[in-house]
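Here are my notes for a colleague who will be looking at the chains while reading. Please keep the display open alongside the points.

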Amino acid sequence: MSKTRKAEQVAGVTGPGGGVGGGGRGGVRGLRGLSSVVRPYAGRLVWAMAAGVAAELCGLGLVAAAAWLIARAAQQPTMAALSVAIVAVRGFALGKGALRYLERLAGHDVALRALAQLRGRVFDALAARGRGPRDLRDGEALSGLVSDVEAVQDLLLRCVLPAVTAVVCGAVGVAVCAVAVPVTAVPLTAGLLVAGVVLPWAAWTAGARAAARVVRQRRRLAVCALDVLDGAEDLAVFGAAERFHARAVEAARRLEQAERAASRIAGVVGAAGSAVQGATAAVVAWQAVRSGADQVQVAVVALTALVAVEAVMPLAGAAQRMRDVLASARRMAALLASPPPAQSRGGAAVPAGPLSVELLGVTVAFDAAVSPAHGRAAWDGVALDRVDVRVERGRRVAIVGASGAGKSTLLAAVAGAVTPLAGSVQLAGRDLAAYAEDDVRAAVRGLTQDAHVFAGSVRANLLLARPDASQRQLEAAARRARFLEVVRELPEGWDTVVGEGGRALSGGQRQRLLLARALLADPPVLVLDEPTEALDTATADEITRELLTWPGGGTLLLVTHRLAALGDADEVLVVDRGRVVQRGRHDDLVARPGAYRDLWEAERLSA
Amino acid sequence: MTGVVAVKAVERRLVGWLPRRVPVVLVAVAVAQAVLVVVQADALARAVAGLDARLLIVVGAAVAGRAVLAWVGSDVAGRAAAQVKARLRTALLARPSAGAGGARVTLLTRGLDAVDPFFAGYVPQLVAACVVPPVVLARLGAADWVSAVVVAVTVPLVPVFGALVGARTAQWTGRQWGLLRRLGGHFRDVVAGLSTLRAFGRAGHQSVVVRRLAEEHRRATMGALRVAFLSSLVVELVCSLSVALVAVPVGLRLMEGRLELAKGLLVLLLAPEVYAPLRALGSRFHASAEGVAVAGEVFGVLDASAAAQGGRPVPRREVGGAPEIVLEEVTVRYPGADRPALAGVSLRVAPGERVAVTGPSGAGKSTLLAVLAGLVVPESGRVLVDGVPLEEMDVAQWRSRLGWVPQRPHLFAASVADNIRLGVPDADAGQVRAAACAAGAEEFIEALPEGYATVLGEGGAGLSAGQRQRLAIARAFVTRAPVMLLDEPTARLDVRSEGLLVQAVRRLLEGRSAVMVAHRPALLGAADRVVRLVDGRLVSDASPAAGTGASEGTAAA
């Protein structure tokens, strides 16, 4: 197991992607989908399998040869008759360790190669989807995907390799017994079938039910625990803390019971495995004795039986793991098989310079909306309701309104990230469909709510917007976003690594980085969604004022909830429940009663 | 070195959570296992040597016994693991999460599962490794002391080599850890940022980078594994060679007639059993490492909040009637903050008076409400309710006289009705309906698939911000409490939701005292008086008609 996986598990993020009790035909189909990932490394995989089988056979040979050596020695033959066996015993002992080492290395090598391959393919599949995988912004779903991808390692290391080793070693064991004392092949085969087929099957079916119960109870505990932790204040004030705490403790108790049931099954399967092993060896020895075999033969078949059954015992564990792996494999196969969206877009050239933007009767339904954070039920499934907006080229327009009113959706519609149910979004006088998707994306961009800070350096994060930017351009953008002062205070300046999701930065620093990146991009239409969130109001107003008055640059659409600096906006749009309810210049809107003035007065009071 | 010590401390503490009888049972099981191993090997050796099929019954019985013991052992260990996890979960549930509820929930569900290998694998194996080898070795010595000496000399090599190589690899992989983590995390990072990459037209470029870094990750990991697997290679070689070292002389002595076959076979069967528990211990130890790390995290949480807690006992004293609330020079300072959240705030709320609090974010408005609700204890100053200091009152009883409408009310994973009657669990359907009606919530509740019985999703998913607020107001209505605390319930609501909410608030505040944080004009209209907080200080106090008056000072009684 790689260290990274461990780290993620410590963080509690990985685990079976959620699906339990999968398998069946769909699972097999999923495996077929994954096999293309492994196929390029088939040679290496066979090499790993060969090493594994050889290691296990060495173990078998070690015991058989040692048994033969001792039993034969008791018959007091010549030294020459034994020397081969003596060399064999030593050779097998060394070979087993060395081969096991080689198998593990080769196996992990194949697994990691397949993982690398799968990561690339999954990334391409996600990138090829028409829209960004929004659902993946949710950490749980992202973790599920990541662990699904990593399950390919377990498929190879914990399912396929042990299975191959088990089958070959079982067969060789039967062959050895058949040669030594033919009648013993029958009980050994029976024992192998019980340990290698019946027990794994039992582990699979009984384990599936138990695992499903654990998942159910774990989910229940998660919900109860979240209530207790996040709702602590409400519970305290309403005197309900004890009641809900008791409910969560009860959920923890139920989870404990479910976990006990699951561990009991694992215990029973394990114990049954050793019972089958011992019983098989005993029956094999008994049969050999009854059939008149001599001591050498009895010793060889009895010990061979022990080792052969031991080789198939990991199959029960493999079967349990296989259940989760198959569920992951099925999801991966579905993801890789989903066809890329039809690209029936025109190829008109996007004109250079600032562009005009027009929305004509644009209606967007919620399912396609960007940020349905609140209020799915509230607005009857409509995020934008017949919105008409015209922004001349180079103008700077601010969009304000309540959370969930449709501001972000409006930006997304302009950027072509959501497809309107009705109406038309036009760029430079032509519908977005007239342009290639990539061209629209290049022309309309900036800072969106789902903007991501990557784990690399600060510089790399900015250069994403314009890979060929000079240091001067970099610093100019950073200065405007008030990010330059942040960079100067970072331990390694521009080369400071910010950690995944910008963990090393504070909320305000992160926001400034994102704004600097958007400003560096300097597209024909700049869309900024709450660029000054998490900044103190003075800085926020300063930045906003500058954004609205800065000479040059593209058309600007700015979503904000701070009104104080909007005096310089060419126009302000007030969005409420998916409609533009007011529009005009800041001074005019403040002068007349309405939603904008209410917001303005509230802001002045909270200033 | 300190790292190792810390890990050991965590392990010891983790073992301390085991029910006391578990180690006893595990030792008993291990002893019985060892005895049966000896019996089984003995019977099998004699059966083979004497070609005596009857002895195989003994072998069968021993096998059955071992299976039963294995089952008992794993059941006890599995139970113990589940039990310890349940205890740790219960302990974690009692600790405040300071806003990071999601992370805490992950820790207490899936995160804790990582301790399974510790209890179900490592601990039983550790017991077995201590108990089984001596017993088996004793039998070995009785049968053939020469072999026993060889085994006894080589057995310590297993842990010694394991530890030596392990220490070397730990050093090596410790240096690689950061690199591996970064390379392995890259995929997650770019998938999370895919829409950003697409927006900047870099998805195609990243597709190449993903493959390149995954390849680098493989190479780095393989480098680490080559060393890490060495330790098990060494241990395995030591075991195999030791068995060979025993087996070959035994064979030679048999040949010379200096040893009987039954004894020779017994030695051959028993020798590996001495090494086996020790050999398995290494891998069990590695498998339990992440569980120990998680346990360290859990103990960190338990320790941190244990220190932060520690309230004082509250003497009970009855209070009744519509109270007068007075704050006297109340100062609150949060740990780690450089300035107080509230600095010497004095305020009087007359019975039935409705006071609105305005001020910039971070001025201490929410803290003021938290102090009134007894959620935050002031560093200095006091809160008097009808002249009785809050700290001398039974806080539960005081809270039963409060209604609470926070900025983001938490909706619980329970039915709508149960969410409304949070403070009054025995309220009947009529009372719930009346409260919902008064809060202007009955219309949307009845439109829900199962009306009042609809179970809300996690955190009230599926409801709009305005609907959540109206449920919170219904919740406050049911309590019939004489004092209401509201924290900016209309912030960022759309116009229509705000309108509905303001009506509901007006109905709620009728005939009650209230302290509410508010900025929007519509809500301010429901107040008798407006005070303003800036940087934790009360800077003005005026009636809403006067707007933001300039009269410095307070209205302390």
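The points below go from conventions to domains, interface and strands.

1. This is a predicted model, in which local features need pLDDT of at least 70, side-chain atom pairs count only at pLDDT 80 or more, and totals for chains, interfaces and linings use all residues. Residues are numbered from 1 along each chain as its sequence is written, while chains are lettered from A and ligands numbered from 1 in the order in which they are written.

2. In chain A, the assignment (bounds from an automatic or database domain assignment) gives domain 1 as 24–203 + 255–337 and domain 2 as 357–455 + 511–605. The C-alpha centres of these two domains of chain A lie 59 Å apart.

3. Taking contact to mean C-beta atoms, placed from the backbone, within 7 Å, 135 residues of chain B are in contact with 131 residues of chain A. On the chain B side, helix α9 (residues 203–255) supplies the largest share, 26 residues.

4. Helices (H or I, at least four residues) and strands (E, at least two) are DSSP runs, numbered from the N terminus, and two strands pair if DSSP finds at least two bridges between them. In chain A, 4 strands form an open antiparallel sheet in the order β2-β1-β4-β5. Strands β2 (382–391) and β5 (430–431) of chain A stand at the edges with a single partner strand each, so one side of each has no neighbour in the sheet. Strands β1 (residues 357–365) and β4 (residues 422–427) of chain A pair over 5 bridges, and A:Val357 has A:Leu427 as its bridge partner in β4(A).

5. In chain B, β6(B) pairs with strand β7 (residues 483–487) in the parallel sense over 4 bridges, with B:Leu486 as the bridge partner of B:Val405.

Key. Two residues are in contact if their C-beta atoms, placed from the backbone, lie within 7 Å.
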